[in-house]
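Hi there,

Here is the structure I promised to send over. Have a look at it first, and then read on for my notes.

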Amino acid sequence: MRTKWLNIRSYLWRFCLLASICMMLIDTAQCQETNCSVSGIVKSMEGEVLEGATVTVVHVPTKNQYITRTNARGYFHIFNLKPGGPYRVSISFVGYRSNIMENLYAEFGAEFFRAQPDDRELRVFILNRAEKEMEQIILKQKRKSDESIGIETIISPQVMKDMPSISRNLQDYARLVPQSKMTGDAGVSFAGQNSRFNAFFVDGSNNQDLLGVSFNGINGGQTSSPPISMDAIEEIKILLSPYEVQYGNFTGASINAITRSGSNQVNSSVWYYFRNEDMAGKSPEKDASTGERSRLSPFFNNTLGAWVSGPLIRDKLFHFTSLEWQKEDQPQPFDLGEYKGNSSRQQLDALRDTLLNRYGYDPGRYDESMNSLRAIRFITKLDWNLSLQNKFTLTYRLNSAERQTPNSPSGSTMVRFRNNGYEIFSNTNVATFEWRSFLSSKLNNRLLLTYTDQKDDRQILGSPFPVVNILDGAGSIILGSNGSSQVSLFKGKEFALVDVMKFIHGRHVFTIGTDMSFSWLNDLIVSSYYGNYQFRRIEDLMLNAYPSRFQRTLMKSEQPVNDQSTDAGCKFMISRLGFFMQDEWHFNPDLMLRFGMRVDGNSWNTDYPADEYFNTVAIPAISKYYDLKGARSGSPPHTHWQAAPRMELTARIPEERVL
């Protein structure tokens, strides 16, 4: 009795400690589930629920075991299973024959085992009495429906294998979601929302752009490079309006990608893709001598990758490693005949010669630009099954990409010289540690720690030169160093902690959790540091006349070396916290009520010196026309808290006739 009381006190102490931490910390939640949770009910042939039946689940590829018992109402719940399978489930009870089922699968986000991938659900398990000679049977099965709980889409490994992919990016698979729309800049809009409002997670860790400026909202997204090799992903789950309180902090969609894991069997895969100008169309501009459209300039795109997985210690320690290289060039020719401006080809050639002879500056070609990408994507993952009670996962990911691109290509109203484009170097390192602890058959915990280091560095093409904008009738001519890339560097670091505890009591599954993240950001950008000139016509520049407008941005420090500046960048820290709790009430295998509450908050943790002129002079003048709502220079924003109650009632048809 004393031992039992000590165990209860230990569980209560851990529960109270977690609740206290959640209440004291101030931050915003972004918790996303990456594992499977399955349940079921065990009955006899007479329909009697069997309390205390032992349920043993074995992940066959890794021999990883999960053991639990049914409660007073015959239910069992097993959390934090690896998605996929196959699993072997063994159910035993005194006086009954054991029921052993092979080749069962746990689908990411599903509630029950399935007899095969994308096949029937197994909800009720039947045991025969030992003296009977009848074979073991499963009483109830339900053919998988195309409908999902909430608005969600699960992209299974088989779908990813069978579906053709041209860009080998997330867009190729996200188009399976009816509410999705491809935005053309490697972004995906869900339910009409901007791509930046999506949330993207890999193995539960946040993969968002820390600054929030990339087109697709993913870190490294300014290079339009996939954040991870598609061959390293096992399964994808896309949620638009989930009832589960663990999902939040997005208005578009929550995209959850699960990477592959190792097993006792050694597996590997190698892939290679290539494309050149012979596989592409012809140039839009006709050749002057033949009058026919020629092929594009020579280019060669190729992607090479491989992954390998297997055991380091059989049944205990497993590894998975993936490496992918990508080289891509996209010539973008321009037909000058479509240009509506006043200047001819001869005038544009003369303009380029003038810049070379007078200033020694080469603006590059104007009849063709190049969009190129060089990328390396690496991931290594270790799974350690220490015991039945403790299981660990350690992951490291690297996404390094370099994109050279025009700011925007030439068109009917604009001629842009090639060196007005820019290069962006993006490097993202992510390390995660996950600890799944099964404290008892009724209590388990999941802890996830994530560290992210992101760096985006924009560089000009060619030698430094002011931006030049020439008005040219119905068009314009742009040349010189890209204004937004002359001094531009972003560095960001983020640490996140996710902890989710689940407790089973009768027909109820209680969930309590928190997700903390702390971000340190340093953003340096000085537009038009070399100056910005505007001329009324092309002759003014060629004759060295005065410009119609000139502007330049200055900063307090000297010109930074390699964009490294100590006082010109904007340095700040933000933190986020979310607290949530939920009750999942199972009336029977066909009826479930889930209700919970989620509270999110955002906090600005950096103080800035006040601008007294703004506070004393500008505020009274502005307040005559606008309500500033108490805003003052030097006063950081207040923490904004938002409560989000959720409720779900799921009723399944008990029987289904198959015609």
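This is a predicted model: local features need pLDDT of at least 70, side-chain atom pairs count only at pLDDT 80 or more; totals for chains, interfaces and linings use all residues.

An open sheet is built from 12 strands, in the order E17-E20-E21-E22-E23-E25-E26-E29-E30-E33-E34-E35, with antiparallel pairing. At its edges are strand E17 (267–276) and strand E35 (640–651), each of which pairs on one side only. On average, neighbouring strands of this sheet are turned by 10° against each other, direction ignored. Among the residues involved, Ser-322 has Ile-379 in E22 as its bridge partner.

In soluble globular proteins, nonpolar side chains tend to be buried together. In this model the largest nonpolar core has 26 residues, and those with the most contacts inside it are Phe-190, Ile-228, Ile-233, Ile-236, Ile-238 and Ile-255. Several elements each supply at least two residues of this core: helix H3 (171–174) and the strands E12 (188–190), E13 (199–202), E15 (233–239) and E16 (254–259). The largest share, 3 residues, comes from E15.

Which residues does Ile-228 touch, leaving aside its neighbours within four places in sequence? Its contacts are Val-202, Ile-233, Thr-259, Arg-377, Ile-379 and Arg-397. Ile-379 is also the bridge partner of Ser-322 mentioned above.

There is a second, separate core of 24 residues, which includes Val-42, Tyr-87, Tyr-96 and Phe-438.

The aromatic residues

I found 18 aromatic pairs in the structure. One of them is formed by Tyr-529 and Tyr-530: the ring centres are 5.9 Å apart and the planes are at 65°, so this pair is edge-to-face. Tyr-529 counts as buried because its relative accessibility is 9%, whereas Tyr-530, at 23%, counts as partly exposed. Elsewhere, Trp-384, Phe-392, Phe-433 and Trp-435 come together in one aromatic cluster.

Two charged residues also lie over tyrosine rings. Lys-391 is over the face of Tyr-66, at 4.9 Å from the ring centre, and Arg-458 is over the face of Tyr-422, at 3.9 Å from the ring centre.

Happy browsing, and do write back with any questions.

Best wishes

Definitions and conventions: Residues are numbered from 1 along each chain as its sequence is written. Side-chain values use heavy atoms; hydrogens and water are left out. Rings of Phe, Tyr and Trp (its six-membered ring) pair if their centres lie within 6.5 Å; planes under 30 degrees apart count as stacked, over 60 as edge-to-face and the rest as tilted. Buried means under 20% relative accessible area, exposed over 50%, partly exposed in between (1.4 Å probe, protein chains only). A charge sits over a ring if NZ of Lys or CZ of Arg is within 6 Å of the ring centre and within 35 degrees of the ring normal. A nonpolar core is a set of buried Ala, Val, Leu, Ile, Met, Phe, Trp, Tyr and Cys residues joined through side-chain atoms within 4.5 Å. Helices (H or I, at least four residues) and strands (E, at least two) are DSSP runs, numbered from the N terminus. Contact means heavy atoms within 4.5 Å. Two strands pair if DSSP finds at least two bridges between them. Axes are lines fitted to C-alpha atoms, for helices over the stretch in contact, and angles run from 0 to 180 degrees between N-to-C directions.
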